[in-house]
Amino acid sequence: MFFGSDNWAGASPAISAAILQHSTGFVPAYGVSDIDKAAQIRLRALFGEQSESFFVATGTAANSLALAAVNRPGGVTFCHSHAHVIADECGAPEYFTGGARLCPVEGDLGKIDPDSLEAAIARYPAAFVHGGQPMAVTITQASEAGTVYSLAEIQAISAICRKNGLPLHMDGARFANALVTLGCSPAEMTLECGVDLVSFGGTKNGCWCAEALIVLNPEYGGQMPFLRKRAAQLFSKSRFIAAQFDAYLKDDLWLEMARHANSMADQLAAHTRKSGKARLGWEPQANEVFIVMQQETAELLKTHGAMFYPWPMPHFMAGKTDRDETLYRFVTSFATATDEIDRFTELVA
């Protein structure tokens, strides 16, 4: 019963087969092979013909390069206080930008509150050189709380960005999970909502190691080839990432895997609602389920093979838990099986 992270899951057989298929012979390096071009065509079909895609190794690299592309002297990027970019990337965005800062913004359920965002931006007036200057906003889709920004919510954030002359970046480590929840196209969730750059993740959804930075606004793409090279993210044998993305996007495999992961999360949530030993912290919208239970119950589950992690209690949960209760995160994936959910339910009961 592996609910620790979707990073724990292996790879889709179709993606493994694609890597094997392209593992022999000689092809041009550094992103100009036929399979590289094929993957780029698939991505442009999703995000728009004006988009450019840059393959990188990790989501952290994609996020950091996105902010490096929009960097300003004394720059400040606004993100949710629990966002991966500020809480779990070891200062990589600051490192890649040469010292730009991240400013946390609050909001319930892992999503930036628009009023709080406007107030945060206002704390850095353009004429006040000592404070630095706003340079970007980044949102996480799906969020670290397993929730999803609606199209209207993304548009509201984008409108604030436009009013303040700021680019909008989307950290899409779980992009596919959010997309199937909304039931829209990639362009509708990004380009048409005013997003300028996207960190498009495949690793958490069945790939071996496949991440891409998608530049939707050409204004921010000119220096990206040089930024990526300088950051040691330009692969010589990039065909192996391209082969993954080509198979990932073919016949909507990526959406099929994300739907399965979300469905498993829905089943886990449904069983939790019926349980007398655990309850949902809030309703899940993608493939992460946050469950409140007594520590004694959690330890017993772990001794029987359930893998999951405790999670910091968010501010909006204040006063909603007992002293002996803890919040835990459960993550499902394309590889989660129904019998894992059933076994977990039996143990809780």
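Residues are numbered from 1 along each chain as its sequence is written. Because the model is predicted, local features need pLDDT of at least 70 and side-chain atom pairs count only at pLDDT 80 or more, while totals for chains, interfaces and linings use all residues, and side-chain values use heavy atoms, with hydrogens and water left out.

**Exercise 1.** Work out how helices H8 and H12 are oriented to each other, and which residues make their contact.

*Solution.* Begin with the elements, which are DSSP runs numbered from the N terminus (helices are H or I with at least four residues, strands are E with at least two). H8 covers residues 175-182 and H12 covers residues 253-274, and they pack at an angle of about 80 degrees with their axes 8 Å apart. The axes are lines fitted to C-alpha atoms over the stretch in contact, and angles run from 0 to 180 degrees between N-to-C directions. Angles under 35 degrees count as roughly parallel, over 145 as roughly antiparallel, 65 to 115 as roughly perpendicular and the rest as oblique, and H8 and H12 are therefore roughly perpendicular. In the contact (heavy atoms within 4.5 Å), H8 contributes residues including Phe175 and Leu179, and H12 residues including Trp254 and Arg259.

**Exercise 2.** Describe the salt bridge of Asp246 with Arg42, and decide whether each partner is buried or partly exposed.

*Solution.* A salt bridge is a side-chain nitrogen of Lys or Arg within 4 Å of a carboxyl oxygen of Asp or Glu, and by this rule the count comes to 11. In this pair the closest N and O atoms are 2.6 Å apart. Asp246 belongs to helix H11 (residues 239-249) and Arg42 to helix H2 (residues 34-47), so that distant parts of the chain, 204 residues apart, are linked. For burial, the cut-offs are under 20% relative accessible area for buried, over 50% for exposed, and in between for partly exposed (1.4 Å probe, protein chains only). Asp246, at 16%, is therefore buried, whereas Arg42, at 29%, is partly exposed.
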